[in-house]
Amino acid sequence: MAHIDPTLSGKTPTKIEKILWSLLPLSGLITVIFLWISNYQPAYQYQLPWFSLLNINFLIYIDGLSLLMLSLITGIGCAVYLYAAGYFADHPQLRRLYVLLTVFMLAMIGCVISDHLLLFFLFWELTSITSFLLVLFNYQAEENRTSAKQALLVTGSGGLCMLAGFLWLWQLTGTAQISEIIKILPDYLSQPHFKWILLLILIGAFTKSAQFPFQFWLPNAMAAPTPVSAYLHSATMVKLGIFLLARLDYALSDWALWQQILQTVGSITAAWGMMLALRERDLKKILAWSTVASLGTMVVLIGLDSSSASIAVVTFVLAHALYKAPLFFVAGNIDHATGTRIIDHLGGLKRYMPWTATVAILAALSMAGMPTSFGFIAKEALTVAKEADDTLPFSAYGNIIFSIIAVAVAAVAAIRVFWLHPGNNITPHVQEVRIKMLLAPALVAIVGLFIGLTPQLAIPFIKIAAQTITSKPIGDVDLYFNWEALQTTGLTILATVLFGLIVFYFWDRLHYAFDRFLKLFPQWGGAATYTRIVDQIPALTAKVTGRFQHGLLSGYIRWMLGFTLISLTLSLLWAISQGVNISVNITTLLDPRPSLGLISAAALICIGAIFVMLSAKPFILLLNSGLVGFGSALLFVFVSAPDVALTQFVVETILVIILSSILIILIQSKSADFNRPQDRRKHPKQLLFTLLLSVLVASIILVTLLVMLGLDFDHSVSDFYIENSVPEAYGRNIINVILVDFRALDTFGEVAVMLFSLLAARPLLRELKRQTGLLKRNKAEKNQEVQHEAQ
């Protein structure tokens with residue numbers, strides 16, 4: 001229900017603002033209709049330069065499948081904007097909802113028209129982020145926070161897997177243009193790594209479309225406000241994975257592995273969704289689980305290798321949106337009027353909400369597949385598709401069971417809560433909702449009914465969308481409703497309705513039976529696995545942090561030295577395996593002979609390092625470490641890098657001064673125990689391990705340097721900078737040109753790191769200043785007390 005939190009600050013949008021917001025999806029819908037009418041076979045392409053250095057362009061491709069998704073995004077979006085204006089009529093954060101819905105709509109539009117893998121991924125992840133913010137709209141409720149986090153973690157993790165698959169596919173095919181990849185993809189099916197690429201991409205699609213074993217996040221996301229649930233979780237975002245699978249099916253439909261994966265995963269998802277729908281008591285979650293079952297059925301249809309299956313996919317996607325979105329709106333109306341969605345507390349609402357009950361009946365007829373509805377035509381197309389393909393066992397029985405559960409769920413949403421009276425009905429003071437909350441679901445339901453009565457208007461649209469899914473030619477599409485067909489299928493429809501009503505009648509008993517049955521397996525399923533993983537993260541991070549972030553500088557140094565030793569050793573071994581000549585030529589160190597300045601700098605560094613090891617007091621240790629820094633600066637002077645030497649001198653001087661000042665303050669502080677002599681004795685084994693590690697690291701660094709000096713120097717990089725510094729960067733100081741021009745982003749990042757470090761250190765320095773002031777004040781007060789006692 002749209003509760004208003006008095007702690008929220010905001011201004012409710014005016015009627016004009018609500019109208020302007022609603023015009024956004026309406027303008028998109030008008031554009032889609034224009035594209036459809038202007039050409040029955042659209043293939044609109046547009047290219048805009050984007051990152052030219054990386055050869056990445058902003059590619060747009062609109063075909064029949066894109067038009068189908070654009071119709072759902074903009075059409076259902078119009079209803080959602082209208083419905084939200086009534087659902088959140090007095091909510092001070094309605095403007096924030098409109099902004100998030102608009103960003104989400106634009107992200108969805110960008111995703112379905114993108115023709116570049118990276119561009120597609122960016123919009124894909126943007127839908128995940130905006131859906132997270134939309135589910136988190138009522139962020140004061142813990143349920144919303146938990147559900148939003150779960151949805152983001154599941155879909156975001158799948159998106160990262162999909163990104164890895166996209167990059168791998170890009171590297172394999174040599175192109176990132178999706179329309180080109182679809183054409184050449186069959187040539188790469190025999191590649192040894194292509195199965196892993198497919199698996200990564202499928203994980204992304206399955207997480208977004210709530211397929212097994214990731215199906216649990218979708219019903220939990222029903223904590224979101226009803227406009228969000230109707231838009232994201234019934235009509236658009238959850239179908240984004242279906243869109244990706246359908247796009248790839250054009251190239252992979254003949255591959256047996258592709259068919260087996262989709263048919264298996266889709267069948268398990270459909271069966272799981274149908275079973276768990278019987279377990280729920282929350283009306284929105286019942287509809288959500290039926291949506292999971294529908295999404296599984298769509299995946300099965302994509303896995304069938306026939307042109308009739310492509311027609312069934314398009315028809316079912318469109319029909320599902322046209323009846324499921326109104327039913328979610330109806331659930332929102334009930335929640336808004338009664339304050340609950342639990343079916344045990346609802347009943348007899350037709351007396352108080354007759355118009356909502358009428359809309360529920362219209363949408364439920366389509367969901368149940370009743371004649372004259374578009375849902376009936378979609379299920380007929382589904383039946384034809386499964387009968388035309390014999391690769392999926394028990395497909396006919398699965399289709400019948402799915403239709404029976406659909407009838408039962410439709411009866412719960414349209415009959416139970418409006419026409420029946422459970423014993424604990426709590427709705428004595430219910431009133432009908434606002435006209436906007438009735439108009440939105442009514443329009444969508446009427447569109448579904450209108451298409452069911454006149455399917456010939458939608459046949460060209462369905463045909464061009466279906467042709468983009470399959471490479472097989474699609475002949476005449478027969479989706480007409482006629483009485484002769486009804487006479488042949490009438491007995492099947494009657495049996496489906498009868499068994500569906502039986503399931504509806506025994507809903508409560510089946511609920512308790514499934515609930516008891518599923519409690520026997522509490523550790524099974526994706527939800528339990530997700531919970532275990534999330535619950536283990538704090539303990540795991542605490543263990544890892546305690547192991548590595550122990551506060552001992554010596555331990556950190558050992559890890560750094562160990563990493564250096566392993567990485568350099570592996571690099572040398574890899575070079576040997578690649579046949580690189582790594583013979584060591586010691587004479588290269590003596591030709592030319594090092595100058596007296598280099599020897600002096602090296603000696604200063606060694607003396608400073610030895611004194612650091614022998615220093616017992618922190619202050620003396622700091623001063624000795626400064627010798628190492630000044631020796632390094634002197635080394636830069638004698639290797640013709642005066643600018644680097646100057647930077648090293650300045651940084652080392654400032655560092656020594658600042659750290660010395662801090663140490664002096666800490667030594668004067670009674671809370672810091674710096675005046676005691678430091679006990680630096682260590683266990684003999686620890687000393688031996690440290691000495692051995694140091695010798696090994698020094699040895700491997702020496703060997704690596706000798707090998708590098710013995711190799712032929714590659715002048716290509718340095719020659720590039722020498723040749724291009726003046727004509728392209730207009731600078732003769734090559735070092736400055738590299739830092740400022742050729743590596744500008746890298747330098748900008750380094751400057752940003754320094755700036756953020758200073759910002760992070762600011763509160764520490766402020767606290768240090770405050771502590772210093774307190775010390776001075778306490779010292780002054782103590783002196784005054786001593787003087788007072790002396791007087």
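Colleague: Which helix is Ser 267 found in?
Modeller: Ser 267 is found in α11, residues 256-277. Helices here are DSSP runs of H or I with at least four residues, strands are runs of E with at least two, and numbering goes from the N terminus. This is a predicted model, where local features need pLDDT of at least 70, side-chain atom pairs need 80 or more, and totals for chains, interfaces and linings use all residues. Residues are numbered from 1 along each chain as its sequence is written, and side-chain values use heavy atoms, leaving out hydrogens and water.

Colleague: OK, and is Ser 267 buried, exposed or partly exposed?
Modeller: Ser 267 counts as partly exposed, because its relative accessibility is 29%. Buried means under 20% relative accessible area, exposed means over 50%, and partly exposed is in between, with a 1.4 Å probe and protein chains only.

Colleague: How many Å separate the C-alpha atoms of Ser 267 and Gly 296?
Modeller: Those two C-alpha atoms are 6.1 Å apart, while Ser 267 and Gly 296 are 29 residues apart along the chain.

Colleague: Is Tyr 730 buried or exposed?
Modeller: Tyr 730 is exposed, because its relative accessible area is 71%.

Colleague: Let's switch to helix packing. How do α13 and α18 pack?
Modeller: Helix α13 (residues 307-338) packs against helix α18 (residues 459-467) at an angle of about 120 degrees, and their axes are 9 Å apart. Axes are lines fitted to C-alpha atoms, for helices over the stretch in contact, and angles run from 0 to 180 degrees between N-to-C directions.

Colleague: What word goes with that angle for α13 and α18?
Modeller: α13 and α18 are oblique to each other. Under 35 degrees is roughly parallel, over 145 roughly antiparallel, 65 to 115 roughly perpendicular, and the rest oblique. α13 passes α18 in a right-handed crossing. Right-handed means the near helix is turned clockwise from the far one by less than a right angle, left-handed means anticlockwise.

Colleague: What about α9 and α13, at what angle do they cross?
Modeller: Helix α9 (residues 226-235) crosses α13 at roughly 155 degrees, and the axes come within 9 Å. α9 and α13 are therefore roughly antiparallel, and their crossing is right-handed.

Colleague: Last pair: how are α23 and α24 arranged?
Modeller: Helix α23 (residues 596-614) and helix α24 (residues 618-638) have axes 8 Å apart and pack at about 165 degrees. α23 and α24 are therefore roughly antiparallel.

Colleague: Left-handed or right-handed, the crossing of α23 and α24?
Modeller: The crossing of α23 and α24 is left-handed.
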